[in-house]
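Subject: Structure handover

Hello,

Here is the structure you asked about. Please open it first and then read the notes that follow.

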Amino acid sequence: MDGLKINKNINLYYIPMTKLKTTTIGVYIHREIKEDEASKNAVLPYVLKRGCKLCPDSAKIAEYLENLYGASFGASVLKRGDDQIIYFGFETISDKYAPNGERLAGSVAKLMMSVIFEPTAFTDDITEQEKKNAKDRIMAVMNDKRQYASIRCTEEMCAGDSFALSALGTLEGADAVTADGLKAHYENIITSSAIDIYVCGDADVNALSEEIKRYTDTIAFEKANIPKSKLFESKGAVKNVTDHMDVVQGKLCMGFKTGISADSADYIPLMVMNSVYGAGAHSKLFNNVREKLSLCYYASSNLVRDKGIMFVNAGIEFKNFQKAYDEILAQLETVKNGEISELEFTSSINAILNELESYRDDQHAMQIFCLGQKISGTNYTIDEMKEMISRVTIEDVKSAAAKTELDTVYFLAGEEE
């Protein structure tokens, strides 16, 4: 992956994916997630995409994209460790497939830069609309009880840590946003944030670089770096939290401290350990807790790589809480003891290798992979990752599992439980 430094804050990366017929551009504006700005950051990208100097309103933006053979444009907000990311994504057909030889990527870049650096939509009406949409997104997550349980477990486990904050902000925070306040916030952060731009596909990256420089050369930037995530530190005894709601299925979320950072030599074995334990239909949680013992509707584990955390999520009958809890921990003990069959081990390795290989056919996934490497400071290529995964042994997996300790147990139970 080639990189071009636009200025002290903006980096442009080109990922050639020439077998695909599209070019995608992703813009990632990094902010340390903080309570006093999380909700503003959650509303901001949606207001920015409503109008700019080049295209003053949504109708003009839609017309502009349609004239580029149906190019697309989206915005959202993400969280990677303690990094809250304001995201803009663009997709168009690659220039070499343009019917009349148009420079489609360059035209998309013009819109991209105008949206980010020449916004015009900080009106009361648009801000109120996007505040409502922001609150709707928060409520949608709250209404998805599986996601809700995961968020509540994160809040309890990471209380006092910035990772406890949601990338979507809060209902109260969204309510407090005003058009003038959001504009002032934008003006403060747009020149004081690290900005990564990823171009995937078949594009003239030097021409795109010049287009970006044309918009940014006269802007005074303050040097900024990607926020560095702090590794989660346990506060002592296992925390047990139960909430009661009108639900028909219990939601169990268990948070584990791994003590392993993404740039540690132990992280690659931890990835395999997570795959053996709970990441997929080949895993111990799926095959034992769900299939053989029928203790849950679903059971899986996932890593938060930049915080050294592993979560286990399970949907269970209320009466099966203790049995499911005990068996989830029992399956972790089997991994710690190295009780891993050859089929479990090879299936886990192959699942990770196949996922890594699949990124070559998905430009957005490739962007996220490369961005994750940069945020973690590892900068591995897919081939380097595959080679390291292939070298992991069962002993390595045992060693990674041995560091994994239960920290927080969250259970969403019914009102009568």
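A cavity here is a set of points, on a 1 Å grid over the protein atoms alone, where a 1.4 Å probe fits but cannot get out, and its lining residues are those with an atom within 4 Å of a point. The model is predicted, so a local feature needs pLDDT of at least 70 and side-chain atom pairs count only at pLDDT 80 or more, while totals for chains, interfaces and linings use all residues. Residues are numbered from 1 along each chain as its sequence is written, and side-chain values use heavy atoms, with hydrogens and water left out.

Cavities

Rolling a probe the size of a water molecule over the atoms shows where empty space is left. Two cavities of 30 Å³ or more were counted. A volume is the space filled by probe spheres set on the grid points, which are joined across faces, edges and corners.

The largest cavity has a volume of about 40 Å³. Its lining consists of Ile29, Leu44, Leu48, Ile86, Tyr186, Ile189 and Ile190. At least two lining residues come from each of α1 (38-48) and α7 (179-189). Helices (H or I, at least four residues) and strands (E, at least two) are DSSP runs, numbered from the N terminus. By class, this lining has seven nonpolar, no polar and no charged residues. Nonpolar covers Ala, Val, Leu, Ile, Met, Phe, Trp, Tyr, Cys and Pro, charged covers Asp, Glu, Lys and Arg, and the others, Gly among them, are polar.

The second largest cavity holds about 30 Å³ of space. Around it are Ala262, Tyr267, Ile268, Met271, Arg305, Gln373, Thr378, Tyr380 and Met385. Helix α9 (residues 267-277) gives the most to this lining, with three residues. The classes are six nonpolar, two polar and one charged.

The largest pocket

A pocket is an open set of points with protein on both sides within 12 Å along at least five of seven lines. The largest pocket has a volume of about 1500 Å³. It is lined by 43 residues, of which Lys79, Arg80, Asn302, Leu303 and Val304 are the closest to its centre. Several elements supply at least two lining residues each, including β4 (72-80), α9, α12 (342-358) and α13 (363-376). Which helix gives the most to the lining of the largest pocket? That is α5, with six residues. The lining divides into 23 nonpolar, 13 polar and seven charged residues.

The sheet

Strands of a sheet pair through backbone hydrogen bonds, either parallel or antiparallel. Two strands count as paired if DSSP finds at least two bridges between them. Five strands form an open sheet in the order β7-β11-β8-β10-β9, with mixed pairing. β7 (239-245) and β9 are at the edges with a single partner strand each, so one side of each has no neighbour in the sheet.

Strand β9 (residues 298-304) and strand β10 (residues 309-316) are antiparallel and share seven bridges. Tyr298 has Gly315 in β10 as its bridge partner. Four residues lie between the strands of this hairpin, in which Gly308 takes a positive phi near 70°. Strand β8 (residues 250-257) is also joined to β10, running antiparallel, by eight bridges. There, Cys253 has Asn313 in β10 as its bridge partner.

Helices

α9 lies across β8, β9 and β10 and runs at about 170° to β9. Axes are lines fitted to C-alpha atoms, for helices over the stretch in contact, and angles run from 0 to 180 degrees between N-to-C directions. α9 also packs with helix α14 (residues 382-390) at an angle of about 70°, with the axes 9 Å apart. That makes the two helices, α9 and α14, roughly perpendicular, a word used for angles of 65 to 115 degrees. In contact (heavy atoms within 4.5 Å) are Ile268, Met271 and Val272 of α9 with Met385, Met388 and Ile389 of α14. By class, this contact has six nonpolar, no polar and no charged residues.

Technical notes. Parallel < 35°, antiparallel > 145°, perpendicular 65-115°, else oblique.
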